[in-house]
Amino acid sequence: MSEKFSNPEAPSPILIERLSGVVGEDNCLSRPEELFAYGCDGLTLDAHLPSAVVLPRTSDQVAEAVAICREFGHAFVPRGAGTGLSGGAVPLNGAVVICCSRMQSILEVDADNRLAVVQPGVVNAHLSEAIRHLGLFYAPDPSSQQACTIGGNVAENSGGPHTLKYGTTTNHVLAVEMVLPDASRVRLGSPTGFAPGYDLVGAAVGSEGTLGIVTEITVRLVEIPEAVETVLAIFDEVPAACRLVGGIIRSGMVPAALEVVDQRTIRAVEASVYKAGLPTDAGAVLIIELDGAACEMDGQLQRIGELAEGEGVREMRVARDAQERALFWRARKGAFGAMGRLAPDLYVHDAVVPRAKLPEVLEEICAIGDRHGLTLSNVFHAGDGNLHPNISFDRRDPDELARVLAAGKEMLELCVRVGGVLTGEHGVGTEKRDYMGMLFEPADLDAMRRLRDAFNPDGVCNPGKLIPTTRACTESNPKARGYDEVPL
Amino acid sequence: MSAEVGEQATLDALEAAAEGSVCLLDPPERVAGSRLRARVEPAYGEALAGCLDVLSRHGESVLVMGSGTRMHWGNPARGVSVALSSRRLNGITEFDPADGVIQVRAGTPLSEVSRRVESEGWLLPLDPSGAGGTVGGALATASCGPRQRGFGPVRDAVLGIDTVLASGERTRCGARVVKNVTGYDLAKLYVGSLGTLAVIEKAWLRLKPIPACVHQVERSFDAVEDAFAQALAASRRSSARAVGLVAEPPSVPGAHPGPWRLLAEFAGEEPTVRADTEWLVPGAAPGVEGEGVVEELRARQAACSEAGLHARIHLLPGALAGVARRLRERGAHLVVYPEPAVVHARFEPEAGDPGPDGCDGVLGLLEEIRGAGAAEIFIESLPAAASRERDVFAGAGCLELMRAIKGRFDPDGILNPGRFAGGI
Amino acid sequence: MSDNALGLDLDPSILDGSLDCVHCGLCLSACPTYRVTGRENSSPRGRIYLLRGVAEGKIELGGLVADELGLCLGCRACETECPSGVEYGAMLEKGRAAVAEAGLRRGWGARVERFALRWILPHPGRLHALVSILGLAQRLGLDRLTTAALPVLAPANDLLPRVPAAAERRRLPAFTPAQGERRGRVALLEGCVMAELFGEINRATVRVLSRNGFDVLVPPEQGCCGALHAHAGDPSMARGLAEKNIEAFAMPGGEPVDAVVSNSAGCGAALREVGQWLPGRGEALASRVRDVCEWLDEVGLRPPAGSLPGRVCYDDPCHLVHAQGVAEAPRRILAAIPKLEPIEHADAKSCCGAAGTYNLLQVEMSQQVLAPKLDALADADPDWIASGNPGCLLQLAAGAHARGLRASVVHPVQLLDRAYGQDGQD
């Protein structure tokens, strides 16, 4: 990657003036205190102050802002709601943040053809709310869906609890309009789902904002299922819950979601605004959601009940109605934030292992946490093998922070060893960039670099993310630098 | 780059890199517009890498292929006299029945994979048009048959791909897990790239459970509106796995056309399959077991003769009926999938004579359909006489970006040169 | 900038509070001002981050920080979303207090507000006199004259309802007996604005409570709840007012009451916080506070015999749904009225932009925050819009009028009261 676009300390006043000219003064932030909040996203460990923040409203404004950044030799970083967990929106080296939070129009809803065209700043949950009356919804449902934007979802290829049945963002994006790093605008893909040539949409989704800035997204909509059943399978221990997951997958049933919440998480959630009456003495709760035709619910519930008996389930609790189901899901989705109750900081890990390996991997992960004397909790998408070990800590304690990072690295090494990967839905960003060597050989990373360079040859768009800058990429994580003060 | 014939030195070096894998073709074989002098068939990954290393060092272009089932796809290759086939690169390398994932070498026949996984209660969700074929071919062409409704597109089944780049470097993307965002999703790029970016060595695939119950039904409609409304509704039933409409052109232009036949396969939990079958054809439940409906759709979809023209038109569901009617009136044999909305239109010489002139007429009509908006067209086969000067990737956008990608992955352009969109 | 004395003076609990925030961002889209500006600094997470920067001595308290704290509606919708349980409202009030103390609030509006909060609101006599003068001015058409001369007053004038006749503004009786079988005794918080501008709602509340079997006491010693003072960064005044109310509601009529009922969400939320304002002394009062709908729902509503044909949209006051966690009770109450059809509108749980004195001080933002709600209400097209807070009632009524909606804006208890048949005319 070229390092041509390393940014000067303070941006040129002319750059700011030109950017203000595009979006208006109110929407171009450049005073240090205004930039403060843009130093990081949901990953707070490694914050960097941008030179400026631009808040465009239209695709044209994005393209103009990109052109101006180029002209001044200034790198830029796209940002949505800043809920990402891998530092994808962190402006390294004072890059200009191009924040799409004001691009929040739903441009078109075509119920007959089941698609919608949205601006990137549309909040994920708002789209589903806006189309509910049509009997449709937008399927990817990351836990932050109340706040995260669809543009951000496209960048990260966000998943969510219902990935098991419905797939991730990449399975639901038909076409995008993108401002390329050279400020030109292209349309990738087609609303028909097929575009002659390479699958550029497939390449762009999950590219973490390093290939360009998505300014318009055509998504597929899905019919709201006729029936939904949500069951809590309450266990004394986590491995038993994982074994049930394996049994269900083996049985040929495809539930909409299979989520495991462990005891520590249950207790944190039950102490929060998201409390849902989960039993705080249980070792683990497996949330099973079935959806589809009403006539098949009873049969599946019964089969799952039998499988659960076989794993020694303590209790099966079926959600009585939509309200109770919503309560369960609020509890599950609020779990991450609820950890804020355990300690000032939280490191949400994200790794995937083969589903059949879940019980042994979890045991080993807990052992790693114990070995480092850390408070560890688990809440994860068991049906996908997607683990989220959460470590609660206080980053003002440098020793604890060092242990958090060391444990995190060990967990990733463990996951890779059993055939897993570094991230299932949070992305690589800055967080795992320098761990990529655990999973990939230099030639593999080089192939990724080829794709990036085809879109972003001079590295002006979101530099320093996803691909390690050097080939010696097994160095320790940059966050190990110790307590990182908020910037300024 | 040798335009005529692979030089002996190249062939020797290939033989050295992959012992026993070079097969000389005398007389030369005509495939994809090329006269092939030799076919290289490496039997393991390292040999494949060695072959590409030799080819790139010698600047020798190569026709990348699997078992050759769909070599009529794509534009004719330019300046190629050596084929690189993955046919002998076969076998299942890993199968995890507990997790429902399998790793397979590119040259493994789909039928072999299906047999293996079905013995453990799983299904290989690849359903390319036509019979036979290899896993590598199904991925490179991204070909979808009647069961796309149930299986999803090819890219959904692919978890990771090991490839060899034009330079001979072996690379890996993705993994065996079912959810993964570690790095760029290069597998998406390789799927459907017709072997122009890299050669697939092996792939991790995600399997689907064998459904508890499968039933097939058939219905006929005279009115086009009824047929399409019903087909779309059937396709949106929760257990729909394959739904297609088939129609023949009028026997004489202007004559009353025959009926639209709706063929459907429902698969899943028994009560739903029963309900959906009953919904489509009251009194028909439980329907017919077996493969007949899907076999018929698949066969019709791939029935184009050498002299015929086969266009695949991707639309929005709402535009299907109008487009299908126009094509049928113009003499097309049709297979129509309502969602994702795809029309397979086949023009044969006996009706409306597609020969060079007839071809122009049909292509003009297709161009009109594409111009009317939200339609994408791929010409699956074109009579040889017409194929030289046309791009079968009609109107592909973003060519500059695609060329940039090609340039990064295959800077000397040795992999399937000319086969892809815009002469890539 | 790095060594900021002001920052170091900040209440140390602000830094502690800010550490509860894990920066997950779930609050962003719940925040009405963020939705309008798209700027992180106008979001709860951004404001918390700013306060933390101040507490750590990295940014100055004035300027942006003061502006963004001022721009916050204090609706606390973010607290409903926050899984970490960050006490944003409390942090906001402390931040505003620091801003006020440092003399960093700017503009005429702030001065007028400070004057009104210190010298008028806490004194029922002065407030009554002022409202009387206002009523007189309205009758003489002087209000139109003053806004013509001083356009800056126009937004305030647009919001003000016609001042009710003197008869409606008389104080409530100190005691109203229960009707039917007696189920207990409750005290009612009369409120300052409620009493002056919404006397009719207060009387409806008394009738409904009595009709439900409660003796209703209105302790004459009670005073302003202090909510507006706390929000505006004047905690000492708020605490003083709270002392008075703790006294007044301890033993009205010589014995404790089952509940202290409020029909104003803002006042109710403030009374519920008295425990935090005055630890040790305030908890007893705080724990007995109930919103009127919440109380009726809790004890079991006596179903009205009369009916009220029509459609009603309930709109959640922020200080009821977010600050007190009461969302379903008012809906259940309305649903219990025969022939009344409750319809949900798309924007019920977001702030209307009234937010105490906000609509007078941040006119433009207040209107932008209100706009999507009016769109949703126009779509739903109800006969009534029901909401349980005086500021919201004023804001919604002014907005509905300006938008030309046919709905009339009422308190839920008014509809209930009508259904009980005590107020036959619509």
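**Helix packing in chain C**

User: Which residues of α2(C) meet α7(C)?

Analyst: From α2(C), the residues S13(C), I14(C), G17(C) and S18(C) meet M91(C), K94(C) and G95(C) of α7(C), where contact means heavy atoms within 4.5 Å. Helices here are DSSP runs (H or I, at least four residues) and strands are E runs of at least two, both numbered from the N terminus. Sorted by class, this helix contact has 2 nonpolar, 4 polar and 1 charged residues, with Ala, Val, Leu, Ile, Met, Phe, Trp, Tyr, Cys and Pro taken as nonpolar, Asp, Glu, Lys and Arg as charged, and the others, Gly among them, as polar.

User: Before going on, what kind of model is this, and how are things numbered?

Analyst: It is a predicted model, in which local features need pLDDT of at least 70 and side-chain atom pairs count only at pLDDT 80 or more, while totals for chains, interfaces and linings use all residues. Residues are numbered from 1 along each chain as its sequence is written, chains are lettered from A and ligands numbered from 1 in the order in which they are written, and side-chain values use heavy atoms, with hydrogens and water left out.

User: Back to the helices: at what angle do they pack, and what is the handedness of the crossing?

Analyst: Helix α2 (residues 12-19) and helix α7 (residues 88-101) of chain C pack at about 145°, with axes 10 Å apart; the axes are lines fitted to C-alpha atoms over the stretch in contact, and angles run from 0 to 180 degrees between N-to-C directions. The crossing of α2(C) past α7(C) is left-handed, a term used if the near helix is turned anticlockwise from the far one by less than a right angle.

User: Switching to interfaces, which chains have the most contacts?

Analyst: Among the 2 pairs of chains that touch, chains A and B have the most contacts. Chain B and chain C are joined by no contact, and their closest C-alpha atoms lie 20 Å apart.

User: How much area is buried between B and A?

Analyst: About 5900 Å² is buried between chain B and chain A, with 60% of that given by carbon and sulfur atoms; buried area is the accessible area (1.4 Å probe) that two parts lose on being put together, summed over both. In chain B, the residues that lose the most area to chain A are K179(B), V181(B) and Y184(B), together 16% of what that side buries. The contact itself takes 65 residues from chain B and 82 residues from chain A.

User: And how many salt bridges and polar contacts are there across it?

Analyst: The rule finds 7 salt bridges across the interface of chain B and chain A, a salt bridge being a side-chain nitrogen of Lys or Arg within 4 Å of a carboxyl oxygen of Asp or Glu. E169(B) and R450(A) form a salt bridge, with their closest N and O atoms 3.0 Å apart.

User: What about A and C?

Analyst: There, 47 residues of chain A are in contact with 33 residues of chain C, and the two chains bury about 3300 Å² between them, 55% of it on carbon and sulfur atoms. The count of salt bridges between chain A and chain C is 1, formed by the side chains of R79(A) and E40(C) at 2.9 Å, N to O. Between these chains, 11 residue pairs are in polar contact.

User: Which peptide bonds are cis?

Analyst: Among them are the bond from D26(B) to P27(B), with omega near 5°, and the bond from E339(B) to P340(B), with omega near -5°. P27(B) lies in strand β1 (residues 22-31) of chain B, whereas P340(B) is in the loop between β16 (333-337) and β17 (342-347) of chain B.

User: And what is phi of N462(A)?

Analyst: Phi of N462(A) is near 45°, a positive value in a residue other than glycine, and N462(A) is found in the segment after α16 (442-455) of chain A. For context, most residues other than glycine have a negative phi, and most peptide bonds are trans.

Technical notes: Polar contact = N/O pair within 3.5 Å; in protein donor to acceptor, adjacent residues only side chain to side chain.
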